[in-house]
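Subject: Structure handover

Dear colleague,

I am passing on the structure you will be working with, and below it I have written out what was found. Please read the text with the structure open beside you.

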Amino acid sequence: MRQTTTAPHRAEIDGLRAIAVLAVVLYHFGLPGLSGGFVGVDIFFVISGFLIGGILWREKTMTGRLSLGRFYLRRIRRLAPAYVAMSAAVLVVGWVILLPYDFRETAKGVIAATVYLSNVLFFRQSGYFDGAAEDKVLLHTWSLSVEEQFYLFLPLVFLLLGRSRGAMIGAFVALFVLSLASSIPMTSRAHTAAFYLFPFRAWELLAGVLLAVWGAERATDWRYGAWLSWAGLALVLAGIAFIQPGYGFPGWQALIPVAGTVLLLLNGQHANPVNRALSMRGPVAIGLISYSLYLWHWPVLTLSTYVRGAYSGIIETGLWIGLCLVLAALSWRFIEQPVRGAKNLTGRGVLAGAALASVLLVGASAVIFRADGLPGRFGQETQVHIAASGDFLQDFSRCTTPDTGPLKGLETCPIGPADQTATLLIWGDSHVRAFYEGLALAAQEQGRAALVIWRAGCPPVFDLEKIENSATATQNRACRAANDQIRAAIEATPDIRDVLLIGRWAYYATGTGIGIDAHNTITLQGVTDAGLPQDQLLAQALKDTIASLSVRDLNVFVLRQPPEIDAYAAPDMARALAHKRITPQDARKVAQVTRSDAERRAASGQNAVDASGAQVIDPWPMLCDQFLCDAIQNGQGFYFDNNHITNTAAKAMRSMFAPIFGGAQP
C-alpha cells in the first residue's frame, strides 16, 4: 500500500469523539448512569496521540524532515480561534456576574490556559481551601494544556532521534512505560499530580502515538475483525458507566478507556455494526463540533449554576445542554471553519492574529487580576461577604520542608523573630491555618519565636488513626505517621517549652461535619481502648497526649474550637446576595446561630478539651454574646465558611494568645 503524508478522513473517529464529548458533557451536567463520564478526556487523549503522532511519523519517515512551523500553524488554526472566543465571552459574562475573588481567579485561569499551563495552575490550587470545581470557569482547559504540552514534547523526540526509526520507536515505548509505571502509584500518593500533570498522563497520548506508528510501519488497513470493535466499545462504555470519580483515578483504571479506544482505532476500517454506527451522520456531526462543545459546555454549566444555583430539574438541565450544542455548532460553523478554510490567510497572518488575541486576553486578565476582580461592581450589603470570601490566603513564605532532622519531610512554618530559636510549638489541623495570620502577628509583637505545624483533617493527638471520606488512604495513613514523628521531634527538641493544640474538636468527637459540610465524615481508631464511642476515644487520646507532654515539663494549651455556624459560607452568601437569591435580612440570619445551638454542637468536643488537663484558650467571648454567635463582627466578616475564621478575625482575636506568647497585648 502506497503511503502518503496525509491520512484519509475516518468517519468512525468523529463518532468516537462524539462518545467522548457527550460522556464528559452529560457527566458534568449530572445525568445518572455516567459515573465515569469524565473518561471521555482519556478517549480524547488517545485519539489526539493517534492523529498527531501519525502525521508527524509519516512526514518524518517519508520526507526525512519535520516542518515544525507548518505543524504548529495547523494547531493554531485548529485550536486558537474557538478558544479565544470562549475565553473572551467568559471574561465579558464574568464581569457581569462573577464575584471579585471568582473573577480574579477566572482571569488567572485565562492567563494560564492561554500559555498552556492551566493544568499546572489547577494542580497547584488543589489545596484545602481551594474553591469547588464548579466555581472554576476555566477548569476544563487543564486537558487542553496537557495536549498542548504534548504538542511541544512529541516533536522533540522526532528531532533528537529522527535519524533512526528504531530509536524513535524505542523512545516512545520507554516513555510510555515510564509514564504509566509512575502514574499508577502516583495516583494514591499524590492524586492531584497524577490527575493534572503531563508526565503522568503522557502514556495515554503515547498509546495513540504507538498505535499510529505501528500502523504506518505495517501499512495496515485497520481491518482485523469485528470482535475488536465490540471489545473496544465494551471497554469504553464500561469505563463511562462504572468507573467512579475520586482518588482512585487515573491509576490503573485509566487503562480501561485507553485500551478500549486503542481497539476501536485499531479496527476502525472494518465493516461491522460498531463502525457503521460510529460513522452515521448524527455521531459524526457531534464529533465534528466536539472541540467547540467541550470548550463551551463547562462555562455554560459553571456560570449558569453560579447565578441560579442548582438546576430545578431535568427539563432545565436539558435546556442548558441544548444551549451548549447551539453554541458549539455556531462556534464550529462561524469561527472554527472559516479560519481553517481561509485560503487567503497566510501563516504570518495566523501567527499574528493568534499572538494579538493572546496578548489581549492575557492583558485584560492581568488588569482584572491586579484589580482584585473589580470589587466595586456590587452593592455594599454584599461587600462584607465578598471581603470574607477572599480573606483566607495566608503568607506562608517562611514555611519550609526540612530535608534532615526530626521534622524531616513535614512542612514547618516559623513565626516570630527570625533570629530566635522557637520555644513554642503550635500544632493542629486546618484551624491552625485559619488562625495563622493572628498567631504570626502575636508572635512578632510579643517577640517570641514559634514553630507552626498543621495538617488538614488530622487531630493533633498521639496514638490515633483516622479514616476520613474526603482524604485518600495515603493521606489518612500520613496523619498518624506525622503525629508520631512530631512526638519524637518534641522529645528531640529541648528548646520547646510550650505547646498549643488547635483542632476542630466537635468534628473529631461526633465523626461528622454540620450544615454545609455534613457530608464530611471521619472515623477515629485508637491503638488501645477499642470499642469506645468516638467522643470518649478522642477525650482519652487528648488526655493521654497532654499527659505525655506534661511529663516532659511542657506547658500545654488547647484552643477551644470556635462556634460552628452551620449554614454559612462567605462565598455562597456573597453570591446569593449579588444575584438576589436571598434578602439582606435573611442573609443576616444565616450568618448567625443561637449560642445554645452552638454549644450543643460543640459539647462532645469541648468535654474532651475540658477533661484534658490543659490550659484552655477561649475565643467564644469574641464571637458570641449571651444569645447569638455571629459570623459578622463590627461590620467585618469573621468567618470564611461554617467553621474556619478569616484572617481579619484571626488578627482581631490575637490578644487571647497573650498568655502563651507572654505579656499583655499592646
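Two strands are said to pair if DSSP finds at least two bridges between them. With that in mind, and remembering that this is a predicted model, we can begin with strand β7, which covers residues 555-559 and is joined to β9 by three bridges, the two strands running parallel. One of the residues involved is Phe-557, whose bridge partner in β9 is Gln-615.

These strands belong to an open sheet of six, arranged in the order β1-β3-β2-β5-β7-β9 with mixed pairing. At its edges lie β1 (413-415) and β9 (615-617), each of which pairs on one side only, and from one strand to the next the twist averages 25°.

Turning to the nonpolar cores, the largest contains 108 residues, and those with the most contacts inside it are Tyr-83, Trp-142, Phe-150, Leu-154, Phe-158, Phe-172 and Leu-295. Leaving aside residues up to four places away in sequence, Trp-142 touches several others, among them Val-41, Phe-45, Phe-122 and Arg-201. There is also a second, separate core of 48 residues, which includes Ala-388, Leu-559, Ala-591 and Ala-649.

Finally, helix α9 (residues 202-218) has 17 residues and reaches 24 Å from its first C-alpha to its last, close to the 24 Å expected at 1.5 Å a residue. Because 13 of its 17 residues are buried, α9 is largely enclosed by the rest of the structure. After α9 comes Ala-219, whose phi is positive, near 50°.

With best wishes

Methods:
Residues are numbered from 1 along each chain as its sequence is written. This is a predicted model: local features need pLDDT of at least 70, side-chain atom pairs count only at pLDDT 80 or more; totals for chains, interfaces and linings use all residues. Side-chain values use heavy atoms; hydrogens and water are left out. A nonpolar core is a set of buried Ala, Val, Leu, Ile, Met, Phe, Trp, Tyr and Cys residues joined through side-chain atoms within 4.5 Å. Buried means under 20% relative accessible area, exposed over 50%, partly exposed in between (1.4 Å probe, protein chains only). Contact means heavy atoms within 4.5 Å. Helices (H or I, at least four residues) and strands (E, at least two) are DSSP runs, numbered from the N terminus. Axes are lines fitted to C-alpha atoms, for helices over the stretch in contact, and angles run from 0 to 180 degrees between N-to-C directions. The expected span of a helix is 1.5 Å times one less than its number of residues.
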